[in-house]
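Let's take a friendly walk through a protein model together.

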Amino acid sequence: MTRALLLIDVQLDYFPGGAFPLVGPEGAAAAAGAVLQHFRATGEDVVHVFHTATEPDAGFFLPGTTGTGFHSAVEPRAGETVLEKHEPNAFIDTGLEALLRDRGVTDLVVVGMMTSMCIDSTVRAASELGFTCTVVADACAAPDLTLGDTTIPGASVHAAFLAALDGSFATVVEHGELLER
């Protein structure tokens with residue numbers, strides 16, 4: 001088993017003052033930062049992924065804006081891999097799969113944002129590509145969503161997406177549990 005940490009879209013637009021703030025991003029960033037520090041300490045692979053919008057009317061992650069920047073809790077260090085993506089699935093047009101295969105990675109630990117979009121899409125794809133995935137629940141965050149006249153609170157969105165992934169596409173854990181292993 002060769003493991004890598006995949007940090008997805010822990011970017012400033014998802015935080016208070018950003019263009020698309022999520023529910024609870026600060027706590028998720030802190031947990032993601034703790035996981036990142038663990039991976040750095042053990043010398044395991046770390047891959048940072050960030051999203052840049054390609055549509056001018058996207059509303060967030062617009063090229064050249066501060067919102068595309070990484071949160072300070074997970075700022076990449078020199079020598080760590082950083083990949084740019086333009087789709088929810090981090091495997092599309094990024095070279096991520098080839099990079100992981102070249103490094104012999106079989107297991108992914110996934111943290112980041114949004115649980116209901118890029119985390120879900122990437123974890124499902126990773127599982128279908130044969131990677132064993134662990135999602136760190138408290139190191140991810142989601143938005144409130146609306147369907148018709150119904151608003152689904154971000155905490156419920158987060159829990160529902162993680163419940164759908166757990167057991168079928170990934171093992172879902174809290175960061176404390178992961179760090180104790």
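**From the sheet to the salt bridges**

Six strands with parallel pairing make up an open sheet, in the order β3-β2-β1-β4-β5-β8. Strands here are DSSP runs of E with at least two residues, helices are runs of H or I with at least four residues, and both are numbered from the N terminus. Two strands pair if DSSP finds at least two bridges between them. Because β3 (81-85) and β8 (171-173) stand at the edges with a single partner strand each, one side of each has no neighbour in the sheet. On average, neighbouring strands of this sheet are turned by 25° against each other, direction ignored.

Before going further, note that this is a predicted model, in which local features need pLDDT of at least 70 and side-chain atom pairs count only at pLDDT 80 or more, while totals for chains, interfaces and linings use all residues. Residues are numbered from 1 along each chain as its sequence is written, and side-chain values use heavy atoms, leaving out hydrogens and water.

Now look at β4 (residues 107-113) and β5 (residues 132-141), which run parallel and are joined by 6 bridges. In one of these strands, β5, Cys-133 is the bridge partner of Leu-108. Helix α1 packs on the sheet, touching β1, β2 (45-51), β4 and β5, and its direction makes about 135° with that of β5. Touching, or contact, means heavy atoms within 4.5 Å; the angles run from 0 to 180 degrees between N-to-C directions, with axes fitted to C-alpha atoms, for helices over the stretch in contact.

Which charged side chains meet? A salt bridge is a side-chain nitrogen of Lys or Arg within 4 Å of a carboxyl oxygen of Asp or Glu, and by this rule the count comes to 7. One of them joins Glu-44 and Arg-3 (2.8 Å, N to O). This pair links distant parts of the chain, with Glu-44 in the loop between α1 and β2 and Arg-3 in strand β1, 41 residues apart. Glu-44 is partly exposed, with a relative accessible area of 22%, whereas Arg-3 is buried at 17%; buried means under 20%, exposed over 50%, and partly exposed in between (1.4 Å probe, protein chains only).

Another salt bridge is formed by Asp-9 and Lys-85, whose closest N and O atoms are 2.9 Å apart. Asp-9 counts as buried, at 0% relative accessibility, and Lys-85 counts as buried at 0% too.
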